[in-house]
Amino acid sequence: MIDRRLVTNFDWTLIGLVSAICLMGVLNIYSASAAYKLGGAPYYIKQLNWMAFGLLLSLVVASLDYHILEDFSYWFYGFLVLLLIAVLLVGKRSLGATRWLNLGFFTIQPSELMKIVIVITFARFFNNFHSVGGLTVKEMLIPLGLLALPALLIMKQPDLGTATLVVMIAVSMAFYIGFRWATIVTFALVTVPLFWFGWAVYMKPYQKNRVLDFINPERSRLGSGYHIIQSKIAVGSGGFWGKGYVKGTQAQLRFLPEQHTDFAFSVFAEEWGFFGTLILIVLYLCLILWGLNIARRCNDRLGGLLAVGVTAMLFWHSVINIGMVIGLFPVVGVPLPFFSYGGTSMITSMVGIGILQSISMRRFMF
Amino acid sequence: MIKGQRYVRELAQPRQRTIPLAIVVTVLFFLLLLRLWYLQIIKVDDYRAMSENNRLRFLPVAASRGALMDRNGTVMVNNRPSFSLSIIPQEVKDVEGMLDRLAALLKLDRAELQERWEKTKGRARYYPVVIAVNITQDQVEIVEENRLRLPGVEVSVKPIREYAFQNSAAHLLGYIGEVSDKELDAPAYSDYNPGDYVGKNGIEKAWEKELHGSDGGRQLEVDSRGRVLRVLSESSPTVGNSLVLTVDSRLQRAAEQAFGGQAGAAVVMNVNNGEVLAFVSSPTFDPSLFAGRIPTDIWKKYLEDKRHPLENKALAGQYPPGSTFKMLTALAGLEAGVINENTTISDPGYYEMGGHKFRDWKASGHGVVNLRKSLKESCDTYYYMLGEKLGVDRIAAMAERFMLGKELGIGLQNEKKGLIPSTAWKLKRFGKKWFPGETLPVAIGQGYVLMTPIQLASMVATVANEGTIYRPHLVKKVVDPDGKTIKEFMPETLGTTGISSASFKKVKQGLYAVVNDPGGTGANARLWDVKVAGKTGTSQVVKLGEDRKKARKYEHMDHGLFVAFAPYDKPEVAVAVVVEHGGGGGAVAAPIAGKILRSYFDLQKPPTKQKYAEKEEQEPAEAPVKRQEMPAERETEE
């Protein structure tokens, strides 16, 4: 049933990089949650379980030929849009936003799944679409529509972070296909007023605060700016060699918010210093470049598009998360793939790795 | 597998575009690294200093526990302040040295300080660690005087329990103590911290969630010298809810005094709703000792006392009910039609079955005995006969109708089930057939039968009200700190026996005779103004035979039992008394039950009349003659 070439072409580099990051994440989660008092399994054990489950899932996805995704892409897309509408109508509210949908036996976060589905949808669209000399504004109208519908629905939840990511992923894929210069200029002229409109109408006060705090963290030391300051203190005080494993005062005294999830990187930076962050960032860079390499050596347009899309997803997550905790970007609540604690993020990222693996294994077939 | 050939499209120029993408990616990651370099290498000294001055401190404010009140609103348990000593780990550089200093200064046990300190490893370092609880006012002053020599040491005030009636009702109320390591690991205690007090027993434990309230605290940011920079968050403690119990603290104390130091248990219950009015396990203990470290000598005294003061005998003591069980055997006989009120036997002092003689307690026999006389004189032979005719399973079925042999669900920990034997039970338990000879002891409440004092009280209450089994309960309502009722508990019916009123009446007449007819075994419980009905019981600790005669050691003496209800015509109250190793029920338990009922009825009267009634109480034996006129007078008094 399984072609022998698939086994011989199995991409060990990909799995190796992902596993290395995952294990560093587990090690870090142990330290980050050491100060918590918990009933039930500790976070690092749960994360290990998610990691194992995720790796298995990626193998299952990898064993399927990625071309079947093309057949189902619009069905996925339609279904997800329906789910996003359902979230707004009957979703579960928590922390001032409605993101979860209760399906009776478990709850899901459709916006998270949308990140993968937008990759598949755009891959399908651009695979059957030929543009000569770059995409024109007119050629961009259909993909823009495909993107705007879910992006606006997610923004409405409101979940600015995820909406931004979905847009970034889609734009990265369009860039892979190629733009005309005129198109880029036109979009720049349209989006600036659009952003202003978004600021005035769509953004919730807490999101505006985050942006303002980002521009000037001193604005509110106690409020949302507090997180960024504490995170920067954690990262900066790590120095070159770090304070030592489970010895970071910022983390162990629990100055950091959500230190095992979104701010896991700060804990790591405090305890392992620049030495540690350098290694981790190089690992992420290798993973992203390897993803692009998979796209480059794939002889099939669909495979290339999918690989670029998945890689873009991992890339933007990493850059936005790390940028956030070191005070380069606003706090938007984006997890660091494979490193932050959390099952949803692990599953989505591992499905992406499964797709990359599927493409990589079949690179000599087409 | 690869059906996908038709999908494959030529990849034109896009694949070259991975190169610019890779450049963008590398540049952005390089920017991240540059920023990290700036933060971690260039600015490291600034951020190091900031992280070292960055200190959080948490000042917990313990919530006051809710009070426990009796049915009349008299406070039985409340709080008083107690001082405890904490140290804040991050403020103390040399913890060992600090503990040495504290031990010397305050004359505290060095090892105990160490033990408490080690218990709290792995917690946030700005959270105070309690190292000594319940320290004296003098010790507090010493700490205050030496404040400067003891950086990072804090005295905190915590409410602890104060018992209005000292040892009274200790088993019912329970006590509080420091939360244990084992409890801290349980999800139910996830909000608790080491050093917190929690209910350990009795009502305090069973109602922990209502009583505890929620602790408050202030999260402060302080500088490296401990000066408060700002308050990050503040929450005030919420006082726990109070409970209004069903017991009457006056009746409770009267009942405890009635035991006069003898070991045993008593339960007083309202027959019409299951409210427990008094819940005695004697002797009692001092619950306030459990909040701190119990002095070793007192602890040893409690453990070595052969009367077992720490046992909750009312709930967990299981005793053979002895002759008090005969009321059930009689009901089983009446309902089965095996006997009626006129059935008589002639009692030679023993009953013969299968060539074996089962002896009556009275060797000379009771003569001609009918149902009334069989109860009045507690004739064993009559019930041996009945037992043989009924068989054990019909007796067990009757006991099950009274919901015996399982928990009644009073809502405290460690309630025991008792035991009602049957053929099926024996087969399951021992894998053996039931022998007919084993039925006879069961008919008189011996053999395998076991009941708790709560079950005895429930049984006689059900007889008194002719068939309704109420769940015995201890809490009337939950009130919030402002005194507003949050929950009120209504009487709960567990079931009905389905026995005819006529059968109950016949048995009740017998129980009346026990107390009031000449020659009745329960005469010691007689009151001059209220008709009491009851039944004595004596349960053997050592089996019949020669050993029994020699048995004069305390541990081998019989348990005396008495169950009663009153008034006979319109029952209100049921009482069950067990005196451990006291001797015959009529001699030791009936007088206690009499005293309890005496104070129950006295407490119903207006206070002015009470003194008069107490004088009368001195001569209860003379009462029977006057008794007939008194009920009318009582009505006018009320």
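User: How many bridges join E18(B) to strand E19 of chain B?
Analyst: This is a predicted model. Strand E19 covers residues 485-488 of chain B. E18(B) and E19(B) run antiparallel. The number of bridges joining them is 3.

User: Which residue in E19(B) is the bridge partner of B:Val479?
Analyst: E18(B) and E19(B) form a hairpin with 5 residues between them. In the turn, B:Gly483 has a positive phi of about 90 degrees. On E19(B), B:Val479 has as its bridge partner B:Thr485.

User: Which are the edge strands of the open sheet of 5 strands in chain B?
Analyst: The order in this sheet of chain B is E12-E11-E23-E22-E21, with antiparallel pairing. An edge strand here pairs on one side only. That applies to strand E12 (276-282) and strand E21 (533-539) of chain B.

User: By how many degrees are neighbouring strands of this sheet turned against each other on average?
Analyst: The sheet is open and its pairing is antiparallel. Direction is ignored in the average. The value is 5 degrees.

User: Which residue in E23(B) stands opposite B:Leu561?
Analyst: Strand E22 (residues 559-566) and strand E23 (residues 573-579) of chain B run antiparallel. They are joined by 7 bridges. The residue of E23(B) opposite B:Leu561 is B:Val578.

User: Which helix of chain B packs on the sheet?
Analyst: The helix touches strand E11 (264-270), E12, E21, E22 and E23 of chain B. Its direction makes about 35 degrees with that of E22(B). It covers residues 585-604 and is helix H22 of chain B.

User: Where is B:His581 found, and does B:His581 count as buried or partly exposed?
Analyst: Phi of B:His581 is near 50 degrees, a positive value in a residue other than glycine. The residue sits in the loop between E23 and H22 of chain B. B:His581 has 19 C-beta neighbours inside 10 Å, so it counts as partly exposed.

User: What is omega for the cis peptide bond that joins B:Ala566 and B:Pro567?
Analyst: Most peptide bonds are trans. B:Pro567 lies in the loop between E22 and E23 of chain B. The bond from B:Ala566 to B:Pro567 is cis, with omega of about -15 degrees.

User: Where is B:Pro283 found?
Analyst: A cis peptide bond joins B:Ser282 and B:Pro283. Omega of that bond is about -10 degrees. The place of B:Pro283 is the loop between E12 and helix H11 (296-304) of chain B.

User: Are H2(A) and H12(A) roughly parallel or roughly antiparallel?
Analyst: Helix H2 (residues 12-32) and helix H12 (residues 264-297) of chain A have axes 10 Å apart. Their packing angle is about 165 degrees. Angles over 145 count as roughly antiparallel. H2(A) and H12(A) are therefore roughly antiparallel.

User: How many residues of the contact of H2(A) with H12(A) are charged?
Analyst: H2(A) passes H12(A) in a left-handed crossing. The contact includes A:Leu14 and A:Met24 of H2(A), and A:Phe268, A:Glu271 and A:Trp290 of H12(A). Its residues divide into 16 nonpolar and 4 polar, and the charged count is 1.

User: In which sense of crossing does H2(A) pass H3(A), left-handed or right-handed?
Analyst: H2(A) and helix H3 (residues 43-63) of chain A pack at about 165 degrees, with axes 8 Å apart. Among the residues that meet are A:Gly25 and A:Tyr30 in H2(A), and A:Tyr44 and A:Met51 in H3(A). The contact holds 8 nonpolar, 2 polar and no charged residues. The crossing is right-handed.

User: Which residues does A:Phe275 touch, not counting residues up to four places away in sequence?
Analyst: A:Phe275 is in helix H12 of chain A. With 14 C-beta neighbours inside 10 Å, it counts as partly exposed. The residues it touches are A:Phe240, A:Trp241 and A:Gly242.

Notes
Residues numbered from 1 in each chain as written. Chains lettered and ligands numbered in written order. Predicted model: local features only at pLDDT ≥ 70, side-chain atom pairs only at ≥ 80, totals over all residues. Axes fitted to C-alpha atoms, helices over the stretch in contact; angles between N-to-C directions. Helix = DSSP H or I, 4+ residues; strand = E, 2+ residues; numbered from the N terminus. Parallel < 35°, antiparallel > 145°, perpendicular 65-115°, else oblique. Left-handed = near helix turned anticlockwise from the far one by under 90°. Contact = placed C-beta atoms within 7 Å. Nonpolar A, V, L, I, M, F, W, Y, C, P; charged D, E, K, R; others polar. Buried ≥ 20, exposed ≤ 12 C-beta atoms within 10 Å, placed from the backbone. Pairing = 2+ DSSP bridges.
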